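Welcome! Take a moment to turn the model around on your screen, and then let us walk through it together.

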Amino acid sequence: MSDLIIRPARTDEYDEIGRVWMESWVSTGLAEVSEFLLANLRARIRREIENGWTLFVADDFGTIAAMLALHLPKLYLDMLFVGPAYQGQSLGRKLLAFTRTQMPDEMSLRCVRENEKAWRWYEREGFVFEKEEVEPSNGFVMKYYRWKRPTR
């Protein structure tokens, strides 16, 4: 994994990125694998790119290990999903370090309250909880976080 690179996603990879996203989301225990979920995630990738996402992948010699979606004008880390085969190997930390090169002073994010593993990880990585709100589009309670570069 040390040779893994983070690079911009290519349009011909969107379907595979959707699969990695689905498998990672399913690994949280909050969803089950389905063709319906996969189709929705694949469609969402295209829609979100039109709405301002900058999409990156973690490339392991041609295998997509993870996806990272940033909305740079809004200083927003929108999605960080690591494929199950790559979880527990500090890839999330590597993606977050990369994100901090893109948004070095401040960023915000949200995650599903029931995904305790994710929000606890973000808290350990220096993100500060701001609020909880229900997301009307899916009914999940979302936890909102912000990170600011420490002042020296």
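## A residue to start with

Which residues does M103 touch, not counting residues up to four places away in sequence? The partners of M103 are L70, L72, L75, Y76, L77 and W147, where contact means heavy atoms within 4.5 Å. M103 sits in the loop between α3 and β5; helices (H or I, at least four residues) and strands (E, at least two) are DSSP runs, numbered from the N terminus. With a relative accessibility of 1%, M103 counts as buried (buried means under 20% relative accessible area, exposed over 50%, partly exposed in between, with a 1.4 Å probe and protein chains only). Between the C-alpha atoms of M103 and K117, 14 residues apart along the chain, there are 23 Å.

## How to read the model

This is a predicted model, in which local features need pLDDT of at least 70 and side-chain atom pairs count only at pLDDT 80 or more, while totals for chains, interfaces and linings use all residues. Residues are numbered from 1 along each chain as its sequence is written, and side-chain values use heavy atoms, with hydrogens and water left out.

The UniProt record, an unreviewed entry, annotates residues 4-147 as "domain: N-acetyltransferase". UniProt positions are given in the numbering used here, feature names are shortened, and annotations may be inferred rather than shown by experiment. Over residues 4-147 the chain is 35% helix and 33% strand, with its end C-alpha atoms 26 Å apart.

## The nonpolar cores

A nonpolar core is a set of buried Ala, Val, Leu, Ile, Met, Phe, Trp, Tyr and Cys residues joined through side-chain atoms within 4.5 Å. The largest one here has 27 residues, and L68, L77, L91, L95, Y122 and F127 touch the most other members. At least two residues of this core come from each of β2 (54-60), β3 (63-71), β4, α3, β5, α4 and β7 (141-148). A second, separate core has 23 residues, including M22, L37, L38 and Y144.

Now look at L95: leaving aside neighbours within four places in sequence, L95 is in contact with I6, A58, A66, L68, L80 and V82. T99 is found in helix α3 and, at 0% relative accessibility, is buried.

## The largest pocket

A pocket is an open set of points on a 1 Å grid over the protein atoms alone where a 1.4 Å probe fits, with protein on both sides within 12 Å along at least five of seven lines; lining residues have an atom within 4 Å of a point. The largest pocket holds about 1,200 Å³ of space, a volume being the space filled by probe spheres set on the points, which are joined across faces, edges and corners.

Its lining has 42 residues, and W25, T28, L80, F81 and N115 lie nearest the centre. β4 gives the most to this lining, with seven residues. By class, the lining has 20 nonpolar, twelve polar and ten charged residues (Ala, Val, Leu, Ile, Met, Phe, Trp, Tyr, Cys and Pro count as nonpolar, Asp, Glu, Lys and Arg as charged, and the others, Gly among them, as polar).

Most residues other than glycine have a negative phi. F61, in the loop between β2 and β3, has a positive phi of about 50° although it is not a glycine. F61 is exposed, at 68% relative accessibility.

L75, in the loop between β3 and β4, is not a glycine either, yet has a positive phi of about 55°. L75 is partly exposed, with a relative accessible area of 34%.
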